[in-house]
Amino acid sequence: VAGFIGSPKMNFLPAKVTAVDGAAATVQLVGGSSLTIPAQAGRLAVGDAVTVGVRPEHLRPADSGEIAGEVMVVERLGGETFLYTQLVGGDMLVIQADGEIPTRVHEKIMVKLDPATCHLFDGAGMAVERAQRHPLADIRRASARKAS
C-alpha cells in the first residue's frame, strides 16, 4: 500500500538491521550510514534485510546527511521543487524541496532523514508498527468512539 499512496510515491531504501530493542530498530543503509527508527521491532532480528520507506516531503538536502546522491532531474513547480536523485547504489530517490532551492542537475548532494518520519518494512514487505502513533490518529479514534 505504501508504494502507491500519495504522489509522488514513497521512496524505498534497502537496509540491514544492526540493533533491535523494544522501541526502535537501528538499520544500516546502503553507503554505510546508520539510522535508528522508532518502531515496535519485536519481530526483527539483527542481520535481517528490511526496507526503509520515507516520503519525498520528509527528505531534506543538507550539508551533511545519511545519503549521498547526484541530482538527475530538477522539476520546479513554483512553491515546491522535486529533485530526482540517483544514489550511490543506483537507487532513485525523490526529494520534495522548497520551490526556491538553487540545486541544479548533476549536482552532488547529501540528504538528511528524520528517523521519526521513516517507515520500516520487514523482509516480506509487511509494515513494522511505529513505536508511537501519529497524534491525529488518537484524536480520530476518540471521535469515532464518541460518535458510536
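A residue counts as buried when its relative accessible area is under 20%.

**Figure 1. Overview of the predicted model.** The structure shown is a predicted model. By the limit given above, 34% of the 148 residues of the protein count as buried. The protein contains one helix and 11 strands, and along the sequence these follow the pattern β-β-β-β-β-β-β-β-β-β-β-α. Among contacts with a separation of 6 or more, 58% are made by residues 24 or more positions apart. The protein exposes about 8,500 Å², of which carbon and sulfur atoms supply 55%.

**Figure 2. The open sheet of six strands.** The strands of this sheet are arranged in the order S3-S2-S1-S4-S10-S11, with antiparallel pairing. S3 and strand S11 (127–128) stand at the edges; each has a single partner strand, so one side of each is left without a neighbour in the sheet. Within the sheet, S4 and S10 run antiparallel and are joined by three bridges. Gly53 has His119, in S10, as its bridge partner.

Figure 3. Beyond its neighbours within four places in sequence, Val52 is in contact with Asn11, Phe12, Leu13, Ala15, Val27, Leu29, Ile37, Cys118, His119 and Leu120.

Figure 4. Thr51 is placed in strand S4 and is partly exposed, with a relative accessible area of 25%. Thr51 and Leu120 are 69 residues apart along the chain, while their C-alpha atoms are separated by 5.9 Å. When residues up to four places away in sequence are not counted, Thr51 touches Phe12, Leu13, His119, Leu120 and Phe121.

**Figure 5. The aromatic pair of Phe12 and Phe121.** The count of aromatic pairs comes to one. Phe12 and Phe121 form this pair in an edge-to-face arrangement, at 5.8 Å centre to centre and with 70° between the planes. Phe12 belongs to strand S1 and Phe121 to strand S10 (residues 119–121), so the pair ties together parts that are 109 residues apart in sequence.

**Figure 6. Ile95, a buried residue of strand S8.** Ile95 lies in strand S8. Its relative accessibility is 0%, so Ile95 counts as buried. Leaving out neighbours within four places in sequence, the residues in contact with Ile95 are Pro56, Leu59, Pro61, Thr81, Phe82, Leu83, Thr85, Ile109 and Val111. Val71 is 24 residues from Ile95 in sequence, and the C-alpha atoms of the two are 9.8 Å apart in space.

Figure 7. The side chains of Gln96 and Glu80 are joined by a polar contact of 2.9 Å. Apart from neighbours within four places in sequence, Gln96 is in contact with Pro56, Glu57, Leu59, Arg60, Glu80, Thr81 and Phe82. Pro56, Leu59, Thr81 and Phe82 are also among the residues in contact with Ile95.

Conventions. Residues numbered from 1 in each chain as written. Predicted model: local features only at pLDDT ≥ 70, side-chain atom pairs only at ≥ 80, totals over all residues. Heavy atoms only, no water. Contact = heavy atoms within 4.5 Å. Helix = DSSP H or I, 4+ residues; strand = E, 2+ residues; numbered from the N terminus. Buried < 20%, exposed > 50% of the residue type's maximum accessible area, 1.4 Å probe, protein only. Phe/Tyr/Trp six-rings, centres within 6.5 Å; stacked < 30°, edge-to-face > 60°. Pairing = 2+ DSSP bridges. Polar contact = N/O pair within 3.5 Å; in protein donor to acceptor, adjacent residues only side chain to side chain. Areas by Shrake-Rupley, 256 points an atom, 1.4 Å probe, with all protein chains shown as cover.
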